[in-house]
Amino acid sequence: MKSKVSAATLDKLVALCKRRGFVYQSAEIYGGLNGVYDCGHLGTLLKKNIRTAWVQSMKEAASSMVQFEGSLLGPQSVWEASGHIANFQDPMVDCLECKHRYRADDIDLEKSCPHCGKKSWTDVRQFNMMFKTELGASVDNATSAYLRPETAQAIFINFKNIMSSNRIKIPFGVMQIGKAFRNEITPKQFLFRMREFEQMEMEWFCKPETAAKDFDFWMQKRLDFYKNFIGLTPDRVRLRAHEKDELSHYSKGTSDVEYNFPFGWKEIEGIANRGNFDLTQHSNFSGKDLAVFDEQEKASFMPHVVETSVGVDRLFLTVLFDAYDEEEVEGEQRVVLRFKPTIAPIKAAFFPLTKKQVEPMMALYEALKKKTGFEIEFDESGSIGKRYRRYDEVGTPLCFTFDFQSEEDGKVTVRFRDSMKQERIAFDAIEQFINDALQ
Ligand code: GAP
């Protein structure tokens with residue numbers, strides 16, 4: 001049974017991520033780019049599994065669900081209509097002594113600067129968090145564009161295209177996974193608050209009269225996702241409804257899914273009842289009517305939207321915090337990532353006990369890899385104990401060892417990551433063992 005808060009610290013996870021190739025600081029050899037990260041081999045696999053689980057959970061939750069991939073750049077008019085130009089800003093303050101910059105709501109301005117200890121603040125100014133750029137080479141013809149701060153707007157402005165090309169009727173959902181960019185004043189806590197990150201957003205278009213019920217439905221589905229698809233420890237996850245003064249400019253009601261990090265309960269996903277704000281705004285600003293005709297009522301209505309929005313990278317960090325465990329085994333420390341097997345980047349590792357067993361184990365490994373496409377690895381270096389630790393540390397659920405007896409009895413030893421128990425199983429049972437772990 002896991003305790004209420006993870007055994008991991010941010011420092012331990014940052015070090016593990018770099019050492020084992022989950023995540024690297026972007027442009028590290030040039031001093032690093034603050035709030036931007038690159039993903040290594042294991043990180044790429046873990047992210048892919050998180051995305052797959054999300055898509056699967058969405059498809060299972062509602063039959064009328066389509067996919068979409070919007071562009072990263074949007075013209076100024078989109079962000080004027082969405083309210084981002086006017087409202088997407090954080091309060092910023094600088095220390096006049098050491099020039100350190102802070103989000104004004106992150107610090108107590110009655111106290112001195114946490115960096116230099118002096119108390120000499122500038123006025124608080126509003127800082128818009130969107131990245132602006134110009135399209136085109138010629139200054140005269142240049143058009144202002146912005147990197148999207150959320151993926152959702154591309155869905156709203158394509159609402160009519162999506163509906164007619166897919167021949168779908170209200171209610172339906174549109175899901176999208178893609179990058180978003182925010183010029184955060186103070187990126188922090190590793191992947192928690194970044195400047196370039198990825199979101200998984202689903203916009204549920206419904207009739208106004210079902211919006212409140214649909215909002216409740218999606219809150220339950222999203223909790224179910226974290227427990228059953230991602231495998232987070234249930235008592236580290238909760239829903240928290242926003243107070244009125246916390247609501248975004250578009251929201252009629254928002255609840256956050258929060259996780260109990262060692263640095264406190266923090267948002268990992270926002271679920272919002274956006275009303276008809278977005279489609280109304282884009283109808284007004286573009287001059288194109290985005291209302292839908294109801295055949296039964298013989299009248300037009302503006303669909304309402306329930307949105308679910310989670311950051312892939314923030315969930316990635318959450319999954320690491322949740323899976324991380326340390327224990328003492330035979331006087332030595334074992335670090336283990338207890339990933340749900342479907343989320344684990346590597347499903348199984350194959351070990352020959354000595355050089356003599358390399359060939360037959362390699363043959364089993366290659367044949368299985370070719371047949372199933374499982375993400376599995378072969379490792380012949382170091383003692384078996386060292387190899388177990390190497391794969392525990394990256395959360396591999398199963399390890400198979402080919403030993404002196406294997407040639408004679410046609411069996412390998414399977415060793416389970418969590419219990420560390422071992423069993424002898426037949427060569428042809430290996431595939432089933434991996435499949436069972438993935439159920
Ligand atoms: N379309 C709604 C929207 O974007 P949000 O609460 O601003 O809502 C949704 O963001 C999710 O995106 C957050 O719950 C978080 O998981 C992720 N996210 C937001 N800003 C982030 C950042 N700077 N770095 C990493 N993830 C972020």
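The lining of the largest cavity divides into six nonpolar, one polar and four charged residues. Here Ala, Val, Leu, Ile, Met, Phe, Trp, Tyr, Cys and Pro count as nonpolar, Asp, Glu, Lys and Arg as charged, and the others, Gly among them, as polar. The model is predicted: local features need pLDDT of at least 70, side-chain atom pairs count only at pLDDT 80 or more, and totals for chains, interfaces and linings use all residues. Residues are numbered from 1 along each chain as its sequence is written, and side-chain values use heavy atoms, with hydrogens and water left out.

A search of the whole structure finds one cavity of 30 Å³ or more. About 50 Å³ of space lies in it. Its lining consists of Lys2, Ile230, Gly231, Leu232, Val319, Asp322, Ala323, Arg338, Phe339, Lys340 and Ile343. On a 1 Å grid over the protein atoms alone, a cavity is a set of points where a 1.4 Å probe fits but cannot get out; a pocket is an open set with protein on both sides within 12 Å along at least five of seven lines; lining residues have an atom within 4 Å of a point. Grid points are joined across faces, edges and corners, and a volume is the space filled by probe spheres set on the points.

The largest pocket has a volume of about 1,400 Å³. It is lined by 48 residues, and Arg103, Arg182, His242, Glu267 and Arg314 are the closest to its centre. Elements that give two or more residues to this lining include helix H4 (84-87), strand S5 (89-94), strand S13 (253-261) and helix H9 (312-323). Strand S11 (196-206), strand S14 (264-275) and strand S17 (304-311) are also among them. Helices (H or I, at least four residues) and strands (E, at least two) are DSSP runs, numbered from the N terminus. S14 supplies the largest share, eight residues. By class, the lining has 15 nonpolar, 12 polar and 21 charged residues.

The ligand takes the space of the largest pocket. A molecule sits in a pocket if more than half of its atoms lie within 2 Å of the grid points. S11, S14 and S17 each give two or more residues to the shell around the ligand. S14 gives the most, with five residues. The shell has seven nonpolar, four polar and 10 charged residues. Of the 21 residues around the ligand, Glu150, Glu184, Met194, Glu201 and Glu267 come nearest; a residue counts if one of its heavy atoms lies within 4 Å.

A side-chain N or O atom of Arg182 is 2.8 Å from an oxygen atom of the ligand. For Glu184, a side-chain N or O atom is 2.8 Å from a ligand nitrogen atom. At Gly311, a backbone N or O atom lies 2.9 Å from a ligand oxygen atom. The protein covers 91% of the 550 Å² of accessible area that the ligand has on its own (Shrake-Rupley method, 1.4 Å probe).

The second largest pocket holds about 390 Å³ of space. Of its 16 lining residues, Asn49, Thr52, Gln56, Thr342 and Lys347 are the closest to its centre. Helix H2 (41-61) and helix H7 (211-229) give two or more residues to the lining. H2 provides the largest share, six residues.

Two backbone features remain. A cis peptide bond joins Ile170 and Pro171, with omega about 5°. Pro171 lies in the loop between helix H6 (159-166) and strand S10 (172-181). Lys99 has a positive phi, near 70°, and is placed in the loop between S5 and strand S6 (101-103).

How values were computed
Polar contact = N/O pair within 3.5 Å; in protein donor to acceptor, adjacent residues only side chain to side chain.
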